[in-house]
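Dear colleague,

I am handing over the structure we spoke about, with the sequence and the coordinates together below. Please open it beside this message, so that each residue can be looked up as you read.

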Amino acid sequence: MKNIILMFILLILISSSANASLEADWILSQSTYDKWSTIEQTAYAVLALKTESTKYSSQISKAVAILKTNLDNCIQNNEC
């Protein structure tokens, strides 16, 4: 009985991690060259992708750089 419960828990964990990767792929598909349409969308995407594995580290780095540039520009121009 304990083995069945353990197998069931492992199955849930494996399937949820597979869906997480699909969700991260979807988030990336919504960007254009790792840039989303607004500062808010970029920030949320970075937060969501950071919870994933290091598979997305290059996309996260690009998005963070774009986010910093956008924030610097909007702060300088007082247009945030």
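What follows describes the chain as a whole, then the helices and loops in turn.

A word on conventions comes before the findings. This is a predicted model, in which local features need pLDDT of at least 70 and side-chain atom pairs count only at pLDDT 80 or more, whereas totals for chains, interfaces and linings use all residues. Residues are numbered from 1 along each chain as its sequence is written, and side-chain values use heavy atoms, with hydrogens and water left out.

**The chain and its confidence**

The protein chain holds three helices and zero strands, where helices (H or I, at least four residues) and strands (E, at least two) are DSSP runs numbered from the N terminus. Along the sequence this gives the pattern α-α-α. The mean pLDDT (the predictor's confidence in each residue, from 0 to 100) is 78 for the protein chain, and 76% of its residues reach 70 or more. Where pLDDT is low, the predicted coordinates should not be read in detail.

Of the 80 residues in the protein chain, 20% are buried; buried here means under 20% relative accessible area, exposed means over 50%, and partly exposed lies in between (1.4 Å probe, protein chains only). The accessible surface comes to about 6,200 Å², with 62% of it belonging to carbon and sulfur atoms; these areas come from the Shrake-Rupley method with a 1.4 Å probe, and for residues only the protein chains shown count as cover. Contacts (heavy atoms within 4.5 Å) with a separation of 6 or more are 57% between residues 24 or more positions apart.

**The core**

The largest nonpolar core has ten residues, namely Ala24, Ile27, Leu28, Trp36, Ala45, Val46, Leu49, Tyr56, Ile60 and Ala63. Each of α1, α2 and α3 supplies at least two residues of this core. Such a core is a set of buried Ala, Val, Leu, Ile, Met, Phe, Trp, Tyr and Cys residues joined through side-chain atoms within 4.5 Å.

**Helix α2**

The twelve residues of α2 should span 16 Å at 1.5 Å a residue, and the end C-alpha atoms are 16 Å apart, which agrees; the expected span is 1.5 Å times one less than the number of residues. The buried residues of α2 are Thr42, Ala45, Val46 and Leu49. Seen down the axis of α2, these buried residues fall within an arc of 100 degrees, so they line one face of the helix, the arc being that of the directions from the helix axis to the C-beta atoms. The face turned away from this buried side carries the exposed residues Glu40, Tyr44 and Leu47.

Thr42, in α2 (residues 39–50), has a relative accessible area of 1% and is therefore buried. Leaving aside neighbours within four places in sequence, Thr42 is in contact with Trp36, Ala63 and Leu67.

**Helix α3**

Helix α3 (residues 57–76) has 20 residues and reaches 28 Å from its first C-alpha to its last, close to the 28 Å expected at 1.5 Å a residue. Ile60, Ala63, Leu67 and Cys74 are buried in α3. Seen down the axis of α3, its buried residues fall within an arc of 65 degrees, so they line one face of the helix. These buried residues pack against α2, while Lys68 and Gln76 are exposed on the other side of α3.

Not counting residues up to four places away in sequence, Ile60 touches Val46, Leu49 and Lys50, and Leu67 touches Ile39, Thr42 and Ala43. Leu67 is buried, at a relative accessible area of 14%, and Leu67 and Thr42, although 25 residues apart in sequence, are 6.6 Å apart in space, C-alpha to C-alpha. Just after α3, Asn78 takes a positive phi of about 55 degrees.

**The loops**

Thr38 is found in the loop between α1 (2–29) and α2, and at 32% relative accessibility counts as partly exposed. Thr38 and Leu67 are 29 residues apart in sequence and 9.2 Å apart in space, C-alpha to C-alpha. Thr51 lies in the loop between α2 and α3 and, at 64% relative accessibility, counts as exposed. Thr51 and Ala24 are 27 residues apart in sequence and 9.3 Å apart in space, C-alpha to C-alpha.

With best wishes
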